[in-house]
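Q: Hey, can you walk me through this one? I'd like to start with how it's divided up.

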Amino acid sequence: MLTNPSIGLLFWQLVIFLILLFLLTKFAWKPILSSLRERESSIEGALRMADQAKLEMQELKAGNEKLLAEARMERDRILKEATTVSNQLIEQAKTKATEEGNRMIVQAREAIQNEKNAALAEVKNTAAKLSIDIAERILRRELADQPAQQQLVDSYLKEVKLN
Amino acid sequence: MKRLLIALFCVLSFPVFAQEQTASVHEANKEEEAFNAGELILHHVGDAHEWHFFGEEGEGPHFTLPLPVMAYQPGKGLSVFSSHHLYPEGTVHEGLKLEHETLEAVDGSKVYDLSITKNVASLLLSVVLLIAVFFTVAGGYRKNHGHAPKGVQSFFEPIIIFVRDEVAKKAIGPKYERYLPYLLTIFFFIWFNNLLGLLPGAANLTGNLAVTFLFAFLTLLITTFSSNKYYWSHIFWTPGVPLWLRPIMIPVELIGVISKPFSLMVRLFANVTAGHIIILSFIGLIFIFNDIKIAPLSIAFGLFINVLELLVAILQAYIFTLLTAMYIGGAVEEHHDHDYGIGGDDADAPLHVSGGHAH
């Protein structure tokens with residue numbers, strides 16, 4: 001009895017199981033499996049998107065850092081340039097000032113020399129005139145020959161070199 | 001739905017006591033006659049034309065559900081009547097009588113018994129349950145579309161995913177999707193019916209050869225009709241075997257084709273029926289020794305086996321499904337390598353994940 005499968009049960013089992021298989025496949029497994037697949041693919045998509053976003057963030061961050069570094073370098077460069085330029089300017093100004101000073105000193109010296117020469121010449125002339133006057137007054141009394149006296153005085157004066 | 005499941009599991013932990021009650025009623029009846037444990041057990045694990053819950057007719061409280069008898073006789077045609085006309089056994093109705101639960105014609109002619117027996121009724125019940133459960137689950141996916149699963153849906157989802165990923169995908173490979181509905185259906189059918197079979201008074205459906213034979217036969221049909229040329233070339237011209245041995249291998253391989261589903265059939269039948277027989281035997285001990293003092297021991301062992309049966313219920317469903325998937329996988333695999341011979345019974349046999357590599 002136990003090991004003797006009955007025709008009736010076999011028949012009903014076949015019919016009922018095939019109906020069950022059909023019903024479950026159509027109304028249970030198909031929707032369930034497709035929902036699962038859909039959900040899994042959406043989860044996978046979300047994960048992939050998250051990964052992508054992370055990557056993009058990293059790229060963005062790296063870009064920002066690069067920009068920052070570039071800006072920093074630019075700043076350093078500009079600062080350095082400015083320093084150089086200012087140093088140059090200072091140097092130039094210094095040089096120019098020194099030159100100007102020197103030039104002015106030279107000019108002043110020349111002017112002083114000229115003035116001195118002029119003054120000396122005047123002093124000479126005045127001295128000569130004075131001398132002549134003195135000598136004339138002396139000689140007017142003592143020497144009648146005025147031109148000869150003048151010649152003498154001149155020759156003397158020429159010998160005297162005043163600086 | 002959740003409450004229903006809890007109730008189901010609660011009830012499952014009772015059967016020993018319930019059977020105890022059933023049996024104690026038997027005790028009252030059979031005090032004079034010698035107790036025949038074997039007959040009682042076979043009666044309980046076998047099929048019947050009525051659904052007997054407890055008690056005996058005419059002796060105190062009893063409840064037996066008569067089921068429709070449908071008999072087709074080549075000369076007379078189909079006769080349909082309630083099974084209570086045929087009980088007690090031997091009663092003749094419309095020229096038919098029951099002989100050890102087998103319907104026979106009084107005149108000895110051929111009878112095709114298409115009755116809704118206890119097993120068929122139980123089968124219908126389980127089908128209703130399966131449809132109710134999985135339509136609810138499918139409805140859950142419609143209702144919670146794009147959201148996390150809820151309730152009964154979240155209970156069955158991991159199991160469905162397990163069958164899909166661990167059984168179908170691994171054993172069949174890339175073409176698994178075609179066979180997934182069949183695998184899921186037999187998995188849940190066997191599991192549910194194993195559990196229903198543990199209920200007190202329930203039928204032993206998955207422990208019936210007709211049922212397991214049909215599943216094995218369907219598996220054989222699917223395997224055969226989805227097989228490719230590699231499958232057949234492996235059978236008729238086995239690679240990797242010395243040439244002179246190949247003709248000898250043909251009958252061996254052909255036997256293998258039949259023995260694989262045969263093993264499926266016997267394994268499920270034997271495992272489920274054995275569990276029932278063990279529980280009934282422990283209860284039967286009380287009546288064999290005819291001593292109430294043996295009862296605590298019987299109950300303890302019976303309870304232990306019953307809990308074990310809960311595990312066996314899902315384990316056998318898993319093994320049946322896995323092996324079915326492996327046989328199908330062997331038939332649809334593109335190239336056969338040495339681990340083709342997965343007809344083995346061990347679940348840890350090497351599974352070919354995809355296409356496989358040339359040998």
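A: One term to begin with: domain bounds here come from an automatic or database domain assignment. With that in hand, chain B is assigned domain 1 (68–115) and domain 2 (119–340), and their C-alpha centres lie 33 Å apart. Keep in mind that this is a predicted model.

Q: Okay. How many helices and strands are there in chain B?
A: Chain B has ten helices and seven strands.

Q: And what percentage of chain B counts as buried?
A: Of its 359 residues, 37% count as buried. As for contacts in chain B with a separation of 6 or more, 63% of them link residues 24 or more positions apart.

Q: Let's look at strands. Which residues are on the covered face of β5 in chain B?
A: Those are B:L96 and B:L98, while B:K97 and B:E99 sit on the uncovered face. The strand itself covers residues 96–99.

Q: What does β5(B) pair with?
A: With strand β6 of chain B, residues 102–105. The two run antiparallel and are joined by four bridges. B:L96, for one, stands opposite B:A105 in β6(B).

Q: How many residues are between the strands in that hairpin?
A: Two. B:H100 in this hairpin has a positive phi near 50 degrees.

Q: Switching topic: which residues touch the most other members in the largest nonpolar core?
A: B:A168, B:Y179, B:L183, B:F187 and B:A325, out of 77 residues in that core. Helix α6 of chain B (residues 180–197) gives the most to this core, 13 residues. Domain 1 and domain 2 of chain B each supply at least three residues to this core.

Q: What is B:F187 in contact with, leaving aside its neighbours within four places in sequence?
A: B:V163, B:A317 and B:T321. There's also a second, separate core of ten residues, and B:I41, B:I279, B:I283 and B:I305 are among them.

Q: Now α5 of chain B. Why does its end-to-end distance agree with its number of residues?
A: Helix α5(B) has 21 residues (152–172), and at 1.5 Å a residue it should span 30 Å; the end C-alpha atoms are 28 Å apart, so the two agree.

Q: Which residues of α5(B) are buried?
A: Including B:V163, which came up as a contact of B:F187, the buried residues in α5(B) are B:Q153, B:F156, B:I160, B:V163, B:R164, B:V167, B:A168, B:A171 and B:I172. Just after α5(B) comes B:G173, with a positive phi of about 95 degrees.

Q: What about the loop between α4 and α5 of chain B: is B:K150 there buried or exposed?
A: B:K150 is located in that loop. B:K150 is exposed, because it has 12 other C-beta atoms within 10 Å, and the cut-off for exposed is 12 or fewer. Leaving aside neighbours within four places in sequence, B:K150 is in contact with B:G140 and B:N144. Its C-alpha atom is separated by 9.1 Å from that of B:V137, 13 residues apart along the chain.

Q: And where is B:N290?
A: In the loop between α9 (246–289) and α10 (295–332) of chain B. B:N290 has a positive phi of about 55 degrees although it is not a glycine. B:N290 is exposed too, with 10 other C-beta atoms within 10 Å.

Q: Which residues of chain B does UniProt list for "transmembrane region"?
A: The unreviewed UniProt entry lists 120–141, 179–203, 209–231, 268–289 and 301–328. In the model, residues 209–231 of chain B are 87% helix and 0% strand, with end C-alpha atoms 28 Å apart. Residues 268–289 of chain B are 100% helix and 0% strand, and there the end C-alpha atoms are 32 Å apart.

Q: Where does UniProt place that feature in chain A?
A: At residues 6–29, again from an unreviewed entry. That stretch of chain A is 96% helix and 0% strand, and its end C-alpha atoms are 31 Å apart.

Q: Last one: how many residues of chain B are in contact with chain A?
A: 37 residues of chain B are in contact with 28 residues of chain A. On the chain B side, the elements giving two or more residues are α3 (37–45), β7 (112–113), α4 (118–143), α5, α6 and α7 (209–225). Helix α4(B) provides the largest share of that side, 13 residues.

Definitions and conventions: Residues numbered from 1 in each chain as written. Chains lettered and ligands numbered in written order. Predicted model: local features only at pLDDT ≥ 70, side-chain atom pairs only at ≥ 80, totals over all residues. Buried ≥ 20, exposed ≤ 12 C-beta atoms within 10 Å, placed from the backbone. Contact = placed C-beta atoms within 7 Å. Pairing = 2+ DSSP bridges. Core = buried A, V, L, I, M, F, W, Y, C linked by C-beta atoms within 7 Å. UniProt positions renumbered as here; feature names shortened; annotations may be inferred. Expected span 1.5 Å × (residues − 1).
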